[in-house]
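Student: Could you take one part of this model and walk me through it closely? I would like the backbone and the ring geometry in one connected account.

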Amino acid sequence: MARIGIYGSSFDPITNVHLWTASTVAHRCKLDKVIFLPCSNKRKDKTIKTADIHRWNMLQLAIAKDDRFIADSYEMDQEGWNIYTYDTMKYFREKHPDDEVHFIMGADLLVDIGAGLWKKGDALVAENKFIVMARHGIDMLSTISRSPILRNHDDGRFHLIDKGLAMEISSTYIREEFAMRGEPRYLLPNACYDYIKEHHLYQKE
């Protein structure tokens, strides 16, 4: 039985922090694989102007040399309004029936799920295991204890992890730097930096 983590984001672009986070979580939680799951560009809660092919190509470049990392286009291929994390996790559990599948998320998402803000949130919590990464200012244990959705399933399915170092460089910051002719070279993999330069991504229109 393999232990697999599902790591979703827009990855627009993927950053060194994404890779460091995935590597740290894999090491601490004894994961055999981390599946990078770029989101659909049709989601109503995100504005993604970068073509899917560029996000996908940069992701492939970034993870090419780490055998633990895999990219999957499942959500990218879906219509944004039909995507719920519950259905995504059901898909991966069915795809890997003999393995243990975990959803990797930040503590900010734990707060939202606990507050009942996610569609199918009750079923999501009831049927899955989670790796929750600390976020500044969020008490994860208190978040679980205050939420009936979370505390009534607190049977070890929440693996709370503090990475031990706050690294908050975001994809947004990198896009802004490219747009302003800044220099974000060492915030993302060299191959992705070169790809962005070659394809003139994130430049002001």
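**A close look at one loop and its rings**

Tutor: Let me begin with a point of comparison: lysine 120 has a relative accessibility of 40%, so this residue counts as partly exposed (buried is under 20% relative accessible area, exposed is over 50%, and partly exposed is in between, with a 1.4 Å probe and protein chains only). This is a predicted model, in which local features need pLDDT of at least 70 and side-chain atom pairs count only at pLDDT 80 or more, while totals for chains, interfaces and linings use all residues. Residues are numbered from 1 along each chain as its sequence is written, and side-chain values use heavy atoms, without hydrogens and water.

Lysine 120 sits in the loop between helix H4 (107-114) and helix H5 (121-127) (helices, H or I of at least four residues, and strands, E of at least two, are DSSP runs numbered from the N terminus). Its phi is near 60°, a positive value in a residue other than glycine.

Phenylalanine 11 also has a positive phi, about 50°, although this residue is not a glycine. That brings us to the part I would pick: the loop between S1 and H1, where phenylalanine 11 is found. Proline 13 belongs to the loop between S1 and H1 as well, and the peptide bond from aspartate 12 to proline 13 is cis, with omega about 0°. With a relative accessibility of 1%, phenylalanine 11 counts as buried.

Now to the rings. Rings of Phe, Tyr and Trp (its six-membered ring) pair if their centres lie within 6.5 Å; planes under 30 degrees apart are stacked, over 60 edge-to-face, and the rest tilted. The count by this rule is 12 aromatic pairs. One of them joins tyrosine 7 to phenylalanine 36: the pair is tilted, with 5.5 Å from centre to centre and 55° between the planes. Because tyrosine 7 lies in strand S1 (residues 3-9) and phenylalanine 36 in strand S2 (residues 33-38), this pair ties together parts that are 29 residues apart in sequence. Tyrosine 7 counts as buried at 7% relative accessibility, and phenylalanine 36 is buried too, with a relative accessible area of 0%.

Phenylalanine 11 lies in the loop between S1 and helix H1 (16-28), and phenylalanine 36 in strand S2, so here the parts tied together are 25 residues apart in sequence. Taken together, ring pairs link Tyr7, Phe11, Phe36 and Phe69 into a cluster.

For contrast, look at tyrosine 186, in the loop between helix H8 (171-179) and helix H9 (190-199). Tyrosine 186 is exposed, with a relative accessible area of 67%.

The protein has nine helices and six strands, and 45% of its 205 residues count as buried. Its C-alpha trace spans about 50 × 35 × 35 Å along the principal axes. Of the contacts (heavy atoms within 4.5 Å) with a separation of 6 or more, 73% come from residues 24 or more positions apart.
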